[in-house]
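Here are my comments on the charged side-chain pairs. Please read them with the structure open.

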2 protein chains.
Amino acid sequence: MDTLSLGTLGQHLQALRLERGWSLSQLAAAAGIAKSNLSRLEQGNGNPTLDTIWRLAVQLGVPFGTLVAPISVPLGEHGVEVRLIDQGKESPQVDAYWMRCAPHTLRHAEPHTPGARESLTLISGRLEAGPESDLSELRPGDSLTFAADRPHLYRTHDAWATLLLTIVYTDEGDAP
Amino acid sequence: MDTLSLGTLGQHLQALRLERGWSLSQLAAAAGIAKSNLSRLEQGNGNPTLDTIWRLAVQLGVPFGTLVAPISVPLGEHGVEVRLIDQGKESPQVDAYWMRCAPHTLRHAEPHTPGARESLTLISGRLEAGPESDLSELRPGDSLTFAADRPHLYRTHDAWATLLLTIVYTDEGDAP
DNA sequence: ATAGAACGTTCGTTAAAAGGAACGGTTGAA
DNA sequence: TTCAACCGTTCCTTTTAACGAACGTTCTAT
């Protein structure tokens, strides 16, 4: 079972704050919480209230789950963070993921079920991806769709990459 | 500024619990929290701790943000639920949204900035969408990209529609 | 050098979230 | 009918998150 890491939240909190060049006092004031509270949270102690997390997420402009969900490399590979966004229950089945790859990461993906297709849309950074024999270079805003029933990969170079990924599994029952 | 709705969380909690056919006592015991606590939360009172939310999300098997982020119709239209997933900070800027439309909903969208493009990927249901003069019918797994600097719309008929939506804003500084 | 302002931390107080034991209501079996 | 088991709610108590003030530090300006 997955367990809550209080320390990670603190690290994320501090990282996001520093990215924006804000002081702890500034962020606390903007969010309307006591700076002692924020200080404790960044140190990894404590167990913030939903209201507190919410106020911080709003100020930092992050979609909330980002603060708390450093979840976490389902296949045990380093440098890749994947989050399930939604899962269609209809036919054909569609899985939607948010994915983030650290610089200089190479991730090999096993073939999915026959006929499966993947679509990527790059949100930020750079990414090289696709079937192993036919890679494409993506820039922010670019999309790519390819057959995912063959080995394929994702590779970053100097930059992080953040993207949306959808996997469409073939609709076995509908074939004419 | 966006504000926290404590009541909505309670409704979601209860809905998810009932979907699984669990009693309040069962869920509370499984999550390791007092049932008085869960009862109060479902009633929409109180301000749960991160630990509490976490335990419930794990038991319910939902990606966490799902519990807390039923956010909510930025343009005040009925039947449309939109959630910001991620926002690129680079050039060109990319916004990624998750969106859900109730049956028999028609949503008109104002033109975005010149050159902006939208991409949709349908996760479940049916959706008719695109520029007003050139609509397309999408089925689960289908993707559609179109120029978003003209009026466009999203329309559902008998079914719900769940989709990913990305908006790519033109990179003004890069034009040759 | 010195006063001032801002930083992040620490500590005692206060407000409130979580726990635990009752309660009335409903169901089902003896 | 009665008893037992479970439901969800409502108290009261305990725990603790959030607050506010004070603290030592660092940096800048006078």
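1. A term to start with: a salt bridge is a side-chain nitrogen of Lys or Arg within 4 Å of a carboxyl oxygen of Asp or Glu. Glu19(B) and Arg20(B) form such a bridge, with their closest N and O atoms 3.8 Å apart. The pair counts because 3.8 Å falls within the 4 Å cut-off. Bear in mind that this is a predicted model.

2. How exposed are the two partners? Glu19(B) is exposed, at 63% relative accessible area. Arg20(B) counts as partly exposed, at 31%.

3. Over all chains, a search of the whole structure gives eight salt bridges. One of them joins the side chains of Arg17(A) and Glu42(A), at 2.7 Å from N to O. This pair links distant parts of the chain: Arg17(A) sits in helix α1 (residues 6–19) of chain A, and Glu42(A) in helix α3 (residues 35–42) of chain A, 25 residues apart.

4. Are Arg17(A) and Glu42(A) buried or exposed? Arg17(A) is buried, with a relative accessible area of 7%. Glu42(A) is buried too, with a value of 10%. Both are called buried because the term means under 20% relative accessible area.

5. Now chain B. Arg17(B) forms a salt bridge with Glu42(B), and the closest N and O atoms lie 2.7 Å apart. Here too, distant parts of the chain are linked: Arg17(B) belongs to helix α1 (residues 6–19) of chain B and Glu42(B) to helix α3 (residues 35–42) of chain B, 25 residues apart. Arg17(B) and Glu42(B) are both buried.

Definitions and conventions: Residues are numbered from 1 along each chain as its sequence is written. Chains are lettered from A and ligands numbered from 1 in the order in which they are written. This is a predicted model: local features need pLDDT of at least 70, side-chain atom pairs count only at pLDDT 80 or more; totals for chains, interfaces and linings use all residues. Side-chain values use heavy atoms; hydrogens and water are left out. Helices (H or I, at least four residues) and strands (E, at least two) are DSSP runs, numbered from the N terminus. Buried means under 20% relative accessible area, exposed over 50%, partly exposed in between (1.4 Å probe, protein chains only).
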